[in-house]
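Here are my notes on the model you sent over.

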Amino acid sequence: MALYSEKVMDHFTHPRNVGVIEDANGVGEVGNAKCGDIMKIYLKIENEIIVDVKFETFGCGSAIASSSMATEMIKGKSIHEAMQLTNKAVAEALDGLPAHKLHCSVLAEEAIKNALKDYYDRNGLPYDEKDFPDCEHCGHCD
Amino acid sequence: MTVYVDNAATTKMSQTAIDAMLPYMTTIYGNPSSLHSVGQEAKEALDAARQTVADCLGCEPREIIFTSGGSEADNQAIVSAARLGERKGKKHIISTAFEHHAVLHTLKKLEKEGFEVTLLDVREGHNVTARQVKDAIRPDTCLVTTMYANNEIGSVLPIAEIGAVCKEAGVPFHTDAVQAVGHLHINVKEQNIDMLSLSAHKFHGPKGVGALYVRKGFPLVNIIEGGAQERGKRAGTENIPGICGMAAAMKEACDHIDENAAKVSAMRDKLIEGLSKIPHCAVNGDLKNRLPGNVSFCFEGIEGESLLLLLDAKGICASSGSACTSGSLDPSHVLLAIGRVHDVAHGSLRLSLCEWNTMEEMDYILKEVPEVVQYLRNMSPVWRDLQTGKRAYIL
């Protein structure tokens, strides 16, 4: 299908890291069913390293592909490296997304940051609020 | 294997239609407005096609205006009725909440000009009644425009009853019959229809050609200016190959309406019955008064575009009212109009059949769709929340 790149279709039809981590120590969920996309990210962090990551996504093909790609990009990385993940990097790794689907990569970035924030909160670690933009800032659900 | 079940979007052309077009691209290429013999041969073809289309609708040939398709016909019909109403000081239009955008956007434009539009509620039975139309008619109503059958959910409206109500009240009645022509028996005189839009590619004809039936004496306003074609009501050299292809396809479809409807509705009913077994789903549309080929569902906990992409990977070409397929972010206005909430409206699937589909294809669809729905539910956080009781089922 010409709508999406081969990379997107590969990650959509063979998503990596789908599922749940029962003993996750960082969980983030963004989006809402009303606007048609929800992403949930589960992180298992040991010694500041993301040793495992899983996702669940309700959404379109590019939302599922973005979740899959984003989890692959942070698996095995430190939480500090994961914090540097941008939606742009996710979209580029997927060989691009159609313009009206870019919000899917934004959602992936936010879901991961949301899960990291949860980890910081659970462990009482200090962080800068500015590093965790609100889901609403993309305007997708307006 | 390709299973094409998106016939409400467009159909494959019939060989009859293709054969009817070819001479007008090779040997009879004249302009019907030309006086010479090559032009006059084309003129004869145009007249014959007009007669065929008129016969299928039960009207006179001079009541048929050829257009570029259904959207143009809708635009011209609605704007014409509005201009006529305006001259009489009538600026109220009645329509329904689940019309095609060709109608809704034209009405929006008129609203900006000061027209008042009443969109009838379609939640009850996923349809409208003639009573609703009757109750909505006011002294200043200048047009009732309702679709004949809904493109997404297949509901067939009570057109003859609405026509009777409009006739009694003296209000012009237009129907967007794009999904109905060639599939349902239509007689514009018996059904008191003043204007009717149709499109060739919905019944195995070519794309880019359609027609507007307009009752003799009703004053049409031009959308396209620039020539005396179509009795001065639609300028532009006639699309002779397209028009001849449309007429041939229309005759073929109308000659076989009953046998096609029997075959197609049997496949439709098999799909509706089989897919209804998927837990937490709902059929959309009027189950009794329904297009022979329409199957429309909402599945809770999943999103329609991902469903379509996975089905496509399995060779099933379907459609959905899902936001993500159209490039807009809102789910289908039709599904919202019948009362589906956003969460559920996102998970829609439309399968639209034609007489060339087979029962074997239906078996294949019934095997694949439940698997794909389950696969997507298994990775959906919404489905998990539903299953674990964190979120209440809607369907």
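The points below go from the contact between the chains to a helix, a loop residue and the core.

1. First, a caveat: this is a predicted model. Please read everything below with that in mind.

2. Let's start where the chains meet. On chain A, 21 residues are in contact with 21 residues of chain B. The elements of chain A giving two or more residues to this side are α1 (6–13), β2 (37–46), β3 (49–58) and α2 (61–74). The largest share is three residues, and it comes from β3(A).

3. Now to helix α3 of chain B, residues 37–57. Just after α3(B) comes G58(B), with a positive phi of about 75 degrees.

4. Which residues of α3(B) are buried? They are A42(B), A45(B), L46(B), A49(B), R50(B), T52(B), V53(B), C56(B) and L57(B). These cover an arc of only 160 degrees around the axis, so they sit on the same side of α3(B). The face turned away from that buried side carries S37(B), E44(B) and D47(B), which are exposed.

5. What do the buried residues of α3(B) pack against? Their partners in chain B are α2 (23–26), β2 (64–67), β7 (195–199), β8 (210–214) and α8 (240–255).

6. Have a look at F115(B) too, in the loop between α5 (101–112) and β4 (116–120) of chain B. Is F115(B) buried or exposed? F115(B) has 21 C-beta neighbours inside 10 Å, and 20 or more is the mark for burial, so F115(B) counts as buried. Setting aside neighbours within four places in sequence, F115(B) is in contact with A82(B), K91(B), I93(B) and L110(B). Of these, I93(B) is 22 residues away in sequence, yet the C-alpha atoms of I93(B) and F115(B) are 7.4 Å apart.

7. Last, the largest nonpolar core, which has 151 residues. Y213(B), C244(B) and M250(B) touch the most other members. Helix α8(B) supplies the largest share, ten residues. At least three residues come from each of domain 1 (15–255) and domain 2 (257–387) of chain B.

8. One more on Y213(B): leaving out neighbours within four places in sequence, its contacts are L57(B), C59(B), E63(B), I64(B), V188(B), M195(B) and L196(B). Among them, L57(B) is one of the buried residues of α3(B).

Methods
Residues are numbered from 1 along each chain as its sequence is written. Chains are lettered from A and ligands numbered from 1 in the order in which they are written. This is a predicted model: local features need pLDDT of at least 70, side-chain atom pairs count only at pLDDT 80 or more; totals for chains, interfaces and linings use all residues. Two residues are in contact if their C-beta atoms, placed from the backbone, lie within 7 Å. Helices (H or I, at least four residues) and strands (E, at least two) are DSSP runs, numbered from the N terminus. A residue is buried if 20 or more other C-beta atoms lie within 10 Å of its own, exposed if 12 or fewer, and partly exposed in between; C-beta atoms are placed from the backbone. The arc is that of the directions from the helix axis to the C-beta atoms. A nonpolar core is a set of buried Ala, Val, Leu, Ile, Met, Phe, Trp, Tyr and Cys residues joined through C-beta atoms within 7 Å. Domain bounds come from an automatic or database domain assignment.
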